[in-house]
Amino acid sequence: MRIISGVGYYATGSGVIQDLCKEFSSCEILSDYEVRFLQDPDGISDLQYNLVDNNHRHNTSFAVKRFLKYMKFLNGSIYSRRYRKFFGEDFWPLTLKYVAELTELKANTWWHRDQIEKGKLFYFFDIIYCKVINKILGGENASSFLKGREVNYYTYIRKDEFLSITKGYLYHLFNTSRKMNKPYLFVNQLISPSNVDRYVAYFDDIRVVIVERDPRDLYIAEREIYHAGVIPVKTVEEFCIWYSITRRHRKFETYNHEMTLFVHFEDLIYRYDEMLKIVMDFVGFCEEDHIYKKNYFNPQLSIKGTQLVKKFPRYSEDVKYIEEKLSEYLYKFPNT
């Protein structure tokens with residue numbers, strides 16, 4: 001099973017990788033849903049930081065509990081099945097097994113962050129509880145209401161151990177999700193476009209395609225089409241600062257090019273045949289499996305999302321500003 005993931009910086013066109021994968025009979029699509037529990041706060045990357053990079057008697061337990069809380073949310077409920085829609089009923093049991101393999105001791109202890117995590121109301125109640133108990137007992141060191149009730153997790157684990165256990169967990173999780181046992185499985189937005197090598201280390205066989213988009217089109221698309229509020233576009237100045245901040249990591253980050261491919265959304269349109277071959281060779285697709293060619297990704301349709309200033313000329317001055325401030329990120333269109 002080789003996992004493929006298309007990732008981007010929001011609205012940069014990474015969905016074209018999923019559309020391309022749909023055209024190959026050898027590839028199965030997990031879901032349109034973004035699978036983000038590696039990169040999101042309280043996900044596996046945070047778990048690695050607190051169990052391996054910054055191991056501490058409280059950090060480890062706190063991170064494990066935050067991870068379990070997040071994963072339980074993703075597991076869903078009777079109202080919304082969330083990840084169970086595609087991982088099935090094994091998602092939560094496999095996650096509990098994963099945590100059990102990572103940790104050495106569960107014990108009923110507590111510390112002040114356990115109080116804080118339960119909210120302001122509980123924290124207030126707990127302070128009052130301690131004062132009342134102190135007054136009744138005539139002491140000054142009454143323990144929290146949590147004493148004997150709160151489960152904490154303790155472990156000391158090396159990086160190689162953590163990665164080995166994590167690889168096993170993710171393999172079983174994604175293998176369970178496959179319905180047709182095809183050799184390729186596409187997973188949407190599985191990792192971040194930054195710190196890529198940290199995430200690909202969680203897999204034995206993965207191919208990540210990072211998709212970038214011209215900042216001029218991204219700015220206009222957010223202002224005129226998406227209106228999502230994720231990208232700051234109140235002014236062109238703040239957009240340029242945001243765009244630069246979110247891409248600056250590329251000046252310093254190194255990539256495992258066997259597992260990571262960087263492409264421009266526009267190249268997939270204006271250089272379709274050439275880029276199709278590059279993506280196929282990178283992923284490992286065979287030409288004979290491309291049986292739905294252009295059924296899902298048609299460059300003649302996607303081209304409408306490029307050079308948007310021609311459609312919205314009122315942004316000409318903003319585009320000039322973007323061209324000045326973000327010159328290193330501009331895509332050179334064939335007819336410009």
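A polar contact, for today, is a pair of N or O atoms within 3.5 Å; within protein, one has to be able to donate a hydrogen and the other to accept it, and residues adjacent in sequence count only if both atoms are side-chain atoms. Keep in mind that this is a predicted model, where local features need pLDDT of at least 70 and side-chain atom pairs count only at pLDDT 80 or more, while totals for chains, interfaces and linings use all residues. Residues are numbered from 1 along each chain as its sequence is written, and side-chain values use heavy atoms, with hydrogens and water left out.

OK, Thr306 to begin with. Its side chain makes a polar contact of 2.7 Å with the side chain of Tyr270. Thr306 sits in the loop between α14 (299–302) and α15 (316–325); helices here are DSSP runs of H or I, at least four residues, strands are E runs of at least two, and both are numbered from the N terminus. Is Thr306 buried or exposed? Buried, because its relative accessibility is 6%, and the cut-offs are under 20% relative accessible area for buried, over 50% for exposed and partly exposed in between, with a 1.4 Å probe and protein chains only. Setting aside neighbours within four places in sequence, Thr306 is in contact with Asp217, Phe265, Glu266, Ile269, Tyr270 and Phe333, contact being heavy atoms within 4.5 Å.

Ser144 is another loop residue, between α7 (120–137) and β4. Ser144 is buried too, with a relative accessible area of 2%. Its side chain has a polar contact with the side chain of Asp126 at 2.5 Å, and also reaches the backbone nitrogen of Leu146 at 2.9 Å. Not counting residues up to four places away, Ser144 touches Trp110, Gln115, Asp126, Tyr129 and Cys130.

Now for a helix. α5 runs over residues 91–102, so to speak, and its buried residues are Phe91, Leu94, Thr95, Tyr98, Val99 and Leu102. They lie on the same side of α5, because they cover an arc of only 140° around the axis, taken from the directions from the helix axis to the C-beta atoms. What do they pack against? That would be α2 (44–53), α3 (59–75), α4 (84–87), β4 (151–154) and α8 (159–177).

On to the cores. A nonpolar core is a set of buried Ala, Val, Leu, Ile, Met, Phe, Trp, Tyr and Cys residues joined through side-chain atoms within 4.5 Å. The largest one has 49 residues, and Phe37 and Phe174 have the most contacts inside it. At least two residues of this core come from each of β1 (2–8), α2, α3, α4, α5, α8, α9 (196–200) and β6 (206–212). There's a second, separate core of 25 residues, and Cys21, Tyr184, Val263 and Tyr272 are among them.

Last, the rings. Phe, Tyr and Trp rings (six-membered ring for Trp) pair if their centres lie within 6.5 Å; planes under 30 degrees apart are stacked, over 60 edge-to-face, and the rest tilted. The structure holds 33 such aromatic pairs. Phe87 and Phe91 are stacked, 5.5 Å centre to centre with 20° between the planes, and both are buried. Tyr219 and Phe239 are tilted, at 5.2 Å and 50°. That pair links distant parts of the chain, Tyr219 in α10 (215–226) and Phe239 in α11 (236–247), 20 residues apart. Ring pairs also join Tyr33, Phe37, Tyr83, Phe86, Phe87, Phe91, Phe174 and Phe203 into a cluster.
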